[in-house]
Amino acid sequence: MDHFLYRDGALYAEDVPLSEIAASVGTPFYVYSTATLERHFKLFDDALEGMDHLVCYAMKAASNQAILKTLAALGAGMDVVSGGEYARAKAAGVPGERIVFSGIGKTREEVRMALTGGIRQFNVESEPEMQVISEIATELSVEAPITIRVNPDVDAKTHAKIATGKAENKFGIPISRAREVYALAASLPGLKIIGIDVHIGSQLTELAPFEAAYNKVAELTEQLRADGHEISRLDLGGGLGIPYTRSNEAPPMPTDYGALIKKCVGHLGCEIEIEPGRLIAGNAGLMVSEVIYVKSGEDREFLIIDGAMNDLIRPAMYDAYHDIIPVIEPEAGVLPQPYDIVGPVCESGDTFAKGREMPPLKAGDLVAFRSAGAYGAVMASEYNTRPLIPEVLVKGDQFAVIRARPTFDEMINRDTIPEWL
Ligand code: LLP
């Protein structure tokens, strides 16, 4: 459920008509609903009730400071994957003890930054990384809390580009080698083993792969404990999928997911961490765009809009489906017609949808891309020197620009000219 609904024939974000935001900030833009962000976070938090737990929002999904502050105010921890994300989390007021550092390529600078600024744990992904963390922690005379990310070799049954839990993927250490790698960790100075981490992929629409992975983690917990390690925390990753179409998809709800977690690992008495990103932010955001032209091709109508692949790359990159709906609700009885919905970028891949049934639209009409809150703005680029589009946050009847559109001068002036030119 989200808070983007038609009211009196017009699409609203909570209590604000989208047309009002468009008139104020121009198109295209991203808009997020505070109530939806909060609702989604609480769904996870409630789903783990009764277990000692922390929901660490995977901020790669949408990392605007205002979004982070909204979630941090509810007690969210953050899952970060770079020094930049770590800095963003800190800037949003999240204390180090609620920040988890994931990712396979943490640099020495990033490790140092987190050890100096405070960190809940590093999710270690390889032996060489473990060596580096050990070295830097020793140098700084601190103890680095770690989990080791295991790769359980489970098929997440999701898009190949976002599956991470198979042996062929670059993530984690093979679960078959976990015991020797934990033994190595125990032998290194400056490290404190606190648990196990696993994350098998994103946009999972079934619970079975989670169940397979979590059962393996439960078994490993017992083995590692028998080996003498203290395993007190399990980071179970993110990945729960969202419905991108409103009709035929019904991925499991966070409550089902929470029940599964209890079933698989509840008996171990560990503190539970999860790292959801998409489910918190995805359906809490829209991208709103204006029709520039309707162009007749040989055998089809093109809806040319002012949003493009640089603003929302998911369709071009993952063949992702996004619902696209008119901001003015079509009147009953209006017959839809098929459109190829495309952006202005000079590539045929700049196509959001082919043959998409829409009510008849004309230049100047607004359309909204649903489910664009996660992996939308954060994956945008300035390709074709198109400015990054603004982000807007709505709360009740208020809205605020939380990132302004840069001017052309601001974009150009980021370049510097060598003295020989
Ligand atoms: N934890 C780790 C270690 C991750 O790598 C990810 C996502 C998450 C948590 C959050 O997963 P979520 O709950 O959002 O599924 N750009 C792609 C998605 C990439 C996901 C990368 N890792 C897309 O637009 O579909």
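Two strands count as paired if DSSP finds at least two bridges between them; strands (E, at least two residues) and helices (H or I, at least four) are DSSP runs, numbered from the N terminus. The model you have open is predicted: local features need pLDDT of at least 70, side-chain atom pairs count only at pLDDT 80 or more, and totals for chains, interfaces and linings use all residues. Residues are numbered from 1 along each chain as its sequence is written.

**Next: helix H4.** Select residues 83-91. Glu85, Tyr86 and Ala89 are buried (20 or more other C-beta atoms, placed from the backbone, within 10 Å of their own; exposed means 12 or fewer, partly exposed in between). They fall within an arc of 105° (taken over the directions from the helix axis to the C-beta atoms), so they line one face of H4. The face turned away carries exposed Gly84 and Ala91. After H4 comes Gly93, with a positive phi near 95°.

**Last stop: the ligand.** Show domain 1 (4-31 + 283-412) and domain 2 (34-281), whose bounds come from an automatic or database domain assignment. Both give residues to the shell around the ligand, so it lies between them.
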